Amino acid sequence: MSALTFHMIGGAPDPVAPFSHAVEAEGWVMLTGQMPFTGTSNASAYPESIEDQTHQVMRNLRTVLEGCGLGFEDVASVRVYLLRFDEDYARMNAVYATYFAEARRPARTCIGVSGLARGARIEIDMLARRPVAHGANTPGIGSGGS
C-alpha cells in the first residue's frame, strides 16, 4: 500500500477548517467539499443564486482537480449537500449536468442539510481516480501546488 499524498492547491480557496484540499491513495483522489467562495480567501463573498453558487463550487473543484493533474472526466463519485433542498434541487441539477458528458456522469448522492459553513447554500465533494496506464496506477504528482 502506498503512502498518502496530501494536496494543498495554489489558487483554490483557503480551507475553512484544518483539512487538505485533497488526499490521494493508490490512484484515488478524495477532494474535500468546496464552498462557493469567489476568491481564495475563505472570507470572500458567495454569489446569491443557487445557480451561481453551483457554478462557483464547480469552478473551485476544477481548480483542485487540475492542481492534482485531473479533470471532471476522472471523477467517479460526487456528494452534493444542499441547504434548501426542495427549493434548489432542480436548479442545482440544471447547472451540475453541464459539467459532465451525459454518458459519463459520476455516481452521486444529494443530501439536504440543516446548515453549511459560512451560510453557503451548497457544498460538493468528489472522489476521482487517476487513469490507469499499462495495468498500473499513474504515479502521484506530489503536493499538487503551493
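The model is predicted: local features need pLDDT of at least 70, side-chain atom pairs count only at pLDDT 80 or more, and totals for chains, interfaces and linings use all residues. Residues are numbered from 1 along each chain as its sequence is written, and side-chain values use heavy atoms, with hydrogens and water left out. Helices (H or I, at least four residues) and strands (E, at least two) are DSSP runs numbered from the N terminus.

- Leaving out residues up to four places away in sequence, Met58 touches Phe72, Tyr96, Tyr99, Phe100, Ile124 and Met126 (contact means heavy atoms within 4.5 Å).

**Aromatic pairs**

- The structure holds five aromatic pairs (ring centres of Phe, Tyr and Trp, the last by its six-membered ring, within 6.5 Å; planes under 30 degrees apart are stacked, over 60 edge-to-face, the rest tilted).
- Phe72 and Tyr99 pair edge-to-face, at 5.6 Å centre to centre and 70° between the planes.
- Phe72 lies in the loop between α1 and β4 and Tyr99 in the loop between α2 and β5 (107-112), so this pair ties together parts 27 residues apart in sequence.
- Phe72 is buried at 8% relative accessible area, and Tyr99 is buried at 14% (buried is under 20%, exposed over 50%, partly exposed in between, with a 1.4 Å probe and protein chains only).
- The ring centres of Phe72 and Phe100 are 5.5 Å apart with planes at 70°, so this pair is edge-to-face.
- Ring pairs link Phe72, Tyr96, Tyr99 and Phe100 into a cluster.
- Arg108 lies over the face of Tyr96, 4.7 Å from the ring centre (the criterion is NZ of Lys or CZ of Arg within 6 Å of the centre and within 35 degrees of the ring normal).

**Strands and crossover**

- β4 and β5 pair in the parallel sense over six bridges (pairing requires at least two DSSP bridges).
- Tyr81 stands opposite Ile111 in β5.
- The β-α-β crossover from β4 through α2 to β5 is right-handed, that is, clockwise from the first strand over the helix to the second with the strands pointing away from the viewer.
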